[in-house]
Amino acid sequence: MGRVGKLTCLAVTCVVALATFYVSKEAFTVLAPRSSPPTWGPTVYPDAEKLQSRGNPFASGAAAVFLGTIAVRAAQQNAKEGSTACAADISGGSLELFSPAKVNLFLRIIRRRPDGYHDLASLFHTVAFGDKLVLEVLPEDAEQDQLECNLPGVPTDDSNLVIRALKLFREKSGVQRYFSVKLEKEIPAQAGMGGGSSNAAAAFFGANKLCGSPATPQDLIDWTDDPVIGSDATFFLSEGTAYCTGRGEIITPVEQLPIKDGLSVYLVKPNWGLSTGKVFQAMDLSALSTADPEELLQTFKDKGTSHSSWVNDLEKPAFKVSPELCELKDFLAGEWDFEAVLMSGSGSTIFCLGDPKGGAEAFEAATKKDFDIEGIWRTEFMRRASPTEWYTKASS
Ligand code: C5P
């Protein structure tokens, strides 16, 4: 071949190689986000349809083989850019999450720790009463999270556990994305139902999902081991039933308890709250129950709620702080024939299992007549269907 012929051939090869490189890179760029599509929940990925529908002949396996080293180079380059490219695609993605309350089926205090916290041993369970959280990924150039809440008085700065959870998620995952959060509160504050911690856990779970799940369910559990988002947040990342120890953040998952379907859980919240810190301060460590928490756990595993082993070591100090709460509990445990009546967490909610003798209406009216009550909610126990699915509120 003459010199001109060789040059022409080289030029044609270069043009073909460059064109192939460009097209194959596009192919991988188009394919890349498919590794993190929304597979559950009401996620809205604005670009998802566009990404799925952009056909490209070089996306096929045969074409990829044909493209050989050029395609591999493109894939490697794309992988290097991976997190940025993927992060850019998620702007505007949103997720609506139910954020359930919890009750403590038993709560034993074990010891005071040198760091000021107390080791506890408690069986936590989620219920189908809770808040709603709508999380949306802000554009890539956003520099802070935004939080709106329907309730006046709920802090929306970084003292809110949701904002702290999002910050913690960025620190742990390395994904530098910010979110807007709309929070609709139903769970009262200072109620012992884990409202703030539940919101933090939901935000943590949602942020991870919207960012293409860089963390596994176990990572999320490990990453929330930080007092900055409260001692109960980790529990909500379980499947809804867990034996919690340490500050409450060491969780042992518990299978579904043998509780009868549709068992009523009445949450009775007086019109005053209790500060967890104050209740712990009022505790007399020499006056705790002596029940063995492992035995209590076994009783719940064997008998569900059909037994008489109901213990919450925080009741005594809570009743010291609020003698009226003790009167409320006595009233609830009186003539209504509930299966069980117990304070949840550090109060001030008292939950009652079963249905009241005389009917719900008479029960509510009588309770509200005699006590200053913020709310009485009838709900049921609930769990997550699997570690990758979030809690879905049962229809009421
Ligand atoms: O974990 P959270 O921030 O809700 O705890 C509030 C306060 O309750 C803590 O600052 C601590 O005084 C007390 N607490 C405790 N032991 C625990 C949990 C909370 O003493 N396991």
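Reader: Which residues lie nearest the centre of the largest pocket, and how many line it?

Author: In this predicted model, 45 residues line the largest pocket, and Leu161, Gly196, Ser197, Asp232 and Thr276 lie nearest its centre. A pocket is an open set of points on a 1 Å grid over the protein atoms alone, where a 1.4 Å probe fits, with protein on both sides within 12 Å along at least five of seven lines, and lining residues have an atom within 4 Å of a point. Residues are numbered from 1 along each chain as its sequence is written. Local features need pLDDT of at least 70, side-chain atom pairs count only at pLDDT 80 or more, totals for chains, interfaces and linings use all residues, and side-chain values use heavy atoms, leaving out hydrogens and water.

Reader: What classes of residue are in that lining?

Author: The lining of the largest pocket has 19 nonpolar, 21 polar and five charged residues, where Asp, Glu, Lys and Arg count as charged, Ala, Val, Leu, Ile, Met, Phe, Trp, Tyr, Cys and Pro as nonpolar, and the others, including Gly, as polar.

Reader: Which elements give two or more residues to it?

Author: Those are β1 (94-112), β2 (118-137), α4 (161-173), α5 (195-210) and α8 (276-281), with helices (H or I, at least four residues) and strands (E, at least two) taken as DSSP runs numbered from the N terminus.

Reader: And at what angle do α4 and α5 pack?

Author: Their angle is about 35°, and their axes are 8 Å apart; axes are lines fitted to C-alpha atoms, for helices over the stretch in contact, and angles run from 0 to 180 degrees between N-to-C directions.

Reader: New topic: where is the cis peptide bond?

Author: The cis bond joins Gly347 and Ser348, with omega about 15°, and Ser348 sits in the loop between β8 (340-343) and β9 (350-353).

Reader: Which residue has a positive phi although it is not a glycine?

Author: That is Gln190, at about 50°, in the loop between β4 (179-184) and α5.
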